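Hi everyone, thanks for coming along. I'd like to walk you through a structure this morning, so let me put it up on the screen.

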Amino acid sequence: MAWNYFNPVKIRFGPGTAAETAEFLREMGAKRAALVADPAALRFGLIDAVTSPAPELFILDEIFARMRPNPTVQNMMDCAAFLARVRADAVVAVGGGSALDCAKAAAGGLPVIALPTTAGTGSEATCISVLTDDAGTKMPRTDPSYFAKVAIVDPELTLSVPPGVTASTGMDALSHAVEALWSIHHSPASDALALAAVPLILQNLEKAYANPGGLPARCAMSEGSLLAALAFSQAKTAAAHACSFPLTARCGLPHGTACAFTLPALCRLNAPAEEGRLHGIARALGFEDAFAFADELDRLNAALGLPRTLQDAGIPLADLPELALECMVPPNMGNNPVPMDAGKVEGLFLGLNV
Ligand code: NAD
């Protein structure tokens, strides 16, 4: 079978590497970098780790932090107007997926250095920006111009992430890796990356959740999130992500929580696809079969306090037909190894009504 691998993002990984941002700016000839930052990055002083080695390279009198979680098209347009007004020659984005997505789409040709402060979305390594429009529809937009020039993944920036956000973002990363494994576009390269990511996340997410300040687990989660992003940027995501968009827009579930909600049920549903390939993957990961892997995903959701039933998620039974239709988001749904339709999605949700 033919396959491709392409990712143009220069990656620097490791604790303390945020301090190297200025070196990358110099390398790209930038002298006036604008900061686009998650409000938490300002609150927790994470920006200082980025700017303090060479403050003269950054515009410090105005920092754009006016984006909400799950940013809107309007947030992105406000950010673009800010970048034009301050006459930046580069963008340094510091934050979770929301801040990075906002900056990447707003940059409009300016080089972006992306520093994630959560371990989950992998936005630093993808050409995706997920924005919500005026009608409240949340949709991933893919454009090669959205790739950051450089991703600096410094796990120390994630030490302040509270347990609830650690849980949700960690499950986002796990969903990326698992969906990359079963996506119809999986390849030997994406498989290798995803298979490296899954154990890192399975073995460290609960540790990071229980002990936010523990650097080894944070390092493993940042590494797992990055590898998962490199995997799904090739293989794409599938039904769990398709379902996540209305679950966030309608029920307010954080992105990773929304992805994780259907992941165990989809693991069971997808088990027979490609002649039971998922059973082999599960065995390679140390499980008896795909059903045992699904049980572990379910256990993890419970251990992290994430919703597992319709009731937990606040979804009335009467909403299911409409919700299922909204989940039919092309192209993600079309990447699922078992072909899906609204009826199957409704059945999937009904199975969660326990
Ligand atoms: P987020 O960026 O919305 O952040 C969640 C919360 O955590 C916010 O309140 C934020 O202020 C806070 N926070 C962030 N970093 C922190 C830190 N270091 N310390 C304390 N608090 C911190 O959450 P996210 O999950 O990183 O991003 C979600 C967005 O990314 C969604 O819109 C999702 O659809 C999108 N996404 C994008 C991609 C992509 O490839 N571009 C992939 C997956 C998801």
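Predicted model: local features only at pLDDT ≥ 70, side-chain atom pairs only at ≥ 80, totals over all residues.

Let's start with strands β5 and β6, the latter covering residues 138-142: they run antiparallel and are joined by five bridges. Is β5 mostly covered or mostly open? It is mostly covered, as four of its five residues are buried.

Now let's move over to the sheet. There are five strands in an open sheet, with parallel pairing, and the order is β1-β7-β4-β3-β2. Which strands stand at the edges? Those are β1, residues 10-13, and β2, residues 33-37; each has a single partner strand, so one side of each is left without a neighbour in the sheet. From one strand to the next, the twist averages 15°. If you zoom in on β1, you can see that its pairing with β7, residues 150-153, is parallel and runs over four bridges. Ile11 is the residue that stands opposite Ala151 in β7.

Helix α4, residues 73-85, lies across β2 and β3, and runs at about 160° to β2. Helix α5, residues 97-106, lies across β2, β3 and β4, and runs at about 165° to β3.

I'd like to stay with α5 for a moment. How many of its residues are buried? Ten of the ten, so α5 is largely enclosed by the rest of the structure. The buried residues include Asp101 and Lys104, along with Leu100 and Cys102. And what covers them? After α5 comes Gly108, which has a positive phi near 50°.

Let's look at the empty space next. In general, rolling a probe the size of a water molecule over the atoms shows where empty space is left. Here, a search of the whole structure turns up three cavities of 30 Å³ or more. The largest cavity has a volume of about 70 Å³. Its lining is made up of Ala119, Thr158, Val161, Thr166, Thr169, Gly170, Ala208, Arg218 and Met221. Two elements give two or more residues to that lining, namely α6 (163-182) and α8 (215-235). Which of them gives the most? That is α6, with three residues. By class, the lining of this cavity divides into four nonpolar, four polar and one charged.

On the α11 side the contact is made by Leu278, His279 and Ala282, and on the α12 side by Ala290, Phe291 and Phe293. By class, that contact has five nonpolar, one polar and no charged residues.

Last stop, some backbone details. Most residues other than glycine have a negative phi, and most peptide bonds are trans. With that in mind, have a look at Arg87, in the loop between α4 and β3. Arg87 is not a glycine, yet its phi is positive, at about 50°. Is Arg87 buried or exposed? At 62% relative accessibility, it counts as exposed. Lys236 also has a positive phi, about 70°, although it is not a glycine. You'll find Lys236 in the loop between α8 and α9, and with a relative accessible area of 40% it is partly exposed. Finally, the peptide bond from Pro330 to Pro331 is cis, with omega near 0°. Pro331 is in the loop between α14 and α15.

That's my tour, and I'm happy to go back to any of these views.

Note on methods: Residues numbered from 1 in each chain as written. Heavy atoms only, no water. 1 Å grid on protein atoms, 1.4 Å probe; cavity = no way out; pocket = protein on both sides within 12 Å on 5 of 7 lines; lining within 4 Å. Points joined across faces, edges and corners; volume = space filled by probe spheres on them. Nonpolar A, V, L, I, M, F, W, Y, C, P; charged D, E, K, R; others polar. Pairing = 2+ DSSP bridges. Axes fitted to C-alpha atoms, helices over the stretch in contact; angles between N-to-C directions. Contact = heavy atoms within 4.5 Å. Buried < 20%, exposed > 50% of the residue type's maximum accessible area, 1.4 Å probe, protein only.
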